[in-house]
Structure formats: C-alpha cells, structure tokens
Amino acid sequence: EVVGQLDARFEIACVILNTAEWHRKRAANLALTGAGDEEAAKEIFRNLKIAAGIYDFVQFSLKQMDYTPNTDMDERLVKAQYEACMAEAQEVTLERAREKGHKAELIASIAHDQHLR
C-alpha cells in the first residue's frame, strides 16, 4: 500500500514536470516565430514563469517525498530547470527594456531587481 502511494506520487510529479516542459517548449516556439513582437514577448515571459513555478513546486514536493534520486527525476535537475526558466524570463524582460530604448541605468536597475528575486 505505501509503495503504491509513493509510486503514484512519483508518477504525478512526472506528469506535472511534463506540463512544465510543455510551457518551456511553448516559450521556445514563440521565440522562434514571434521575434520582435511585444505580445509574443509577454506570452514567452508568462510561459517561462509558469514553468518555473511548476519546477519550484515539484522541487518542494520532492523534499516531502521519500524517493531515491534517479535518472528520471533528481532534485538537482529540477532546481536547474527552475533556475534556467527564471534566467530566460529575466532575459526576455531585459531584452524588452532594451528594445524600448530604456537607458542603461534603468536596464541595470531592472537586472539588479530581478537578481534579488
């Protein structure tokens, strides 16, 4: 019974991670097809933040589960995916600021603010 519950939690975590990966792929696809478009940049940012939130949730959940890290799911990999999504979302924000012609001081301030988050 306990093993079945652990397996079910693990499988649910895998499905949730697939959802996060879908959002990352959606952002990448939008970046390829909608380059320079303000609405596409906003959608890319949203998808990356959603994916980061999912990775963060799974990372927290893994700490609550009794599981053995393996090639399918490792807490360090999930953390790396979270960090990558956050960095890509920050890159989108900074690129939008640059394209809008904001001064370097403002862009540096935005980058510093996002770094602290």
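This is a predicted model: local features need pLDDT of at least 70, side-chain atom pairs count only at pLDDT 80 or more; totals for chains, interfaces and linings use all residues.
Cores to begin with. The largest nonpolar core has 16 residues. Inside it, L17, Y55, V58, L62, M73 and V78 have the most contacts. The largest share, six residues, comes from α2. Apart from this core lies another, of seven residues, with A27, L30, A41 and I44 among them.

Take V58 as an example from the largest core. Leaving out residues up to four places away in sequence, V58 touches A13, I16, L17 and V78.

α1, α2 and α3 each give two or more residues to the lining of the largest pocket, and α1 gives the most, with seven. What is the make-up of that lining by class? There are nine nonpolar, two polar and ten charged residues.

The second largest pocket holds about 160 Å³ of space. Its lining includes L17, Y55, M73 and V78, which are also among the residues with the most contacts inside the largest core. C14, N18, E21, D72, D74, L77 and Q81 line this pocket too. α1 and α3 each supply at least two lining residues here, and α1 gives the most, with four. By class, the lining of the second largest pocket has six nonpolar, two polar and three charged residues.

Notes: Residues are numbered from 1 along each chain as its sequence is written. Side-chain values use heavy atoms; hydrogens and water are left out. A nonpolar core is a set of buried Ala, Val, Leu, Ile, Met, Phe, Trp, Tyr and Cys residues joined through side-chain atoms within 4.5 Å. Buried means under 20% relative accessible area, exposed over 50%, partly exposed in between (1.4 Å probe, protein chains only). Contact means heavy atoms within 4.5 Å. Ala, Val, Leu, Ile, Met, Phe, Trp, Tyr, Cys and Pro count as nonpolar, Asp, Glu, Lys and Arg as charged, and the others, Gly among them, as polar. On a 1 Å grid over the protein atoms alone, a cavity is a set of points where a 1.4 Å probe fits but cannot get out, and a pocket is an open set with protein on both sides within 12 Å along at least five of seven lines; lining residues have an atom within 4 Å of a point. Grid points are joined across faces, edges and corners, and a volume is the space filled by probe spheres set on the points.
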